[in-house]
Amino acid sequence: MCRVWNVQSVDSSFLSGFCTGILLSLITCGIYGYYFIYKLAEEVNIACDGEQTSGLVAFILLSFITCGIYAYYWYYKLGNRLAANAVRYNLNFQENGTTVLMWCIFGAFLCGIGQFFAMHILIKNSNMICAAYNRSKGL
């Protein structure tokens with residue numbers, strides 16, 4: 001069963017979950033952020049067909065080797081994969097990997113705020129995919 005993350009739209013539950021995620025990342029010195037990436041990739045691999053999203057070990061190692069550039073590529077590929085699989089579930093996403101990448105790059109000039117918008121797009125789209133997947137499987 002594909003877990004639907006607790007972010008459907010920007011409302012009080014999003015802010016609460018968002019603040020909790022930031023707080024957990026701070027308390028665990030960033031380990032929670034990596035756990036979140038691991039679970040996100042795992043659930044997208046369940047709900048989406050075709051290529052596999054690379055896991056946490058590849059994400060960490062390749063991001064380290066490329067000084068963080070691979071992380072942007074990973075977000076870009078995930079955004080494109082979610083947009084491509086939306087059609088399977090009769091969904092239509094306005095955002096794709098390019099939107100996520102632009103928020104990551106240009107958002108870096110806004111004191112890093114763009115990274116949060118990019119992650120919100122990925123979470124929102126993966127929630128919609130997972131909810132549609134669960135409905136299609138009768139879960």
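**Salt bridges and a helix contact**

Reply: Arg88 comes out as partly exposed, at 42% relative accessibility (buried is under 20% relative accessible area, exposed over 50%, partly exposed in between, with a 1.4 Å probe and protein chains only). Bear in mind that this is a predicted model, where local features need pLDDT of at least 70 and side-chain atom pairs count only at pLDDT 80 or more, while totals for chains, interfaces and linings use all residues. Residues are numbered from 1 along each chain as its sequence is written, and side-chain values use heavy atoms, leaving out hydrogens and water.

Arg88 has a partner: Asp49 forms a salt bridge with Arg88, with the closest N and O atoms 3.4 Å apart (the cut-off is a Lys or Arg side-chain nitrogen within 4 Å of an Asp or Glu carboxyl oxygen). This pair links distant parts of the chain, 39 residues apart: Asp49 is in the loop between helix H2 (31-47) and H3, and Arg88 in the loop between H4 and helix H5 (97-107). Helices here are DSSP runs of H or I with at least four residues, strands are E runs of at least two, and both are numbered from the N terminus. Asp49 is partly exposed too, with a relative accessible area of 44%.

Lys77 and Glu51 meet through their side chains at 3.7 Å, N to O. Lys77 is partly exposed at 31%, and so is Glu51 at 45%.

Then there's Lys124 with Glu95, whose closest N and O atoms are 3.2 Å apart.

H4 (residues 69-85) packs against H3 (residues 56-65) at about 135 degrees, with the axes 6 Å apart. H3 and H4 are therefore oblique to each other (under 35 degrees is roughly parallel, over 145 roughly antiparallel, 65 to 115 roughly perpendicular, the rest oblique). Ala58, Phe59, Leu62 and Ser63 of H3 make the contact with Tyr70, Ala71, Trp74 and Tyr75 of H4, contact being heavy atoms within 4.5 Å. Seven of these residues are nonpolar, one is polar and none is charged.

How values were computed: Axes fitted to C-alpha atoms, helices over the stretch in contact; angles between N-to-C directions. Nonpolar A, V, L, I, M, F, W, Y, C, P; charged D, E, K, R; others polar.
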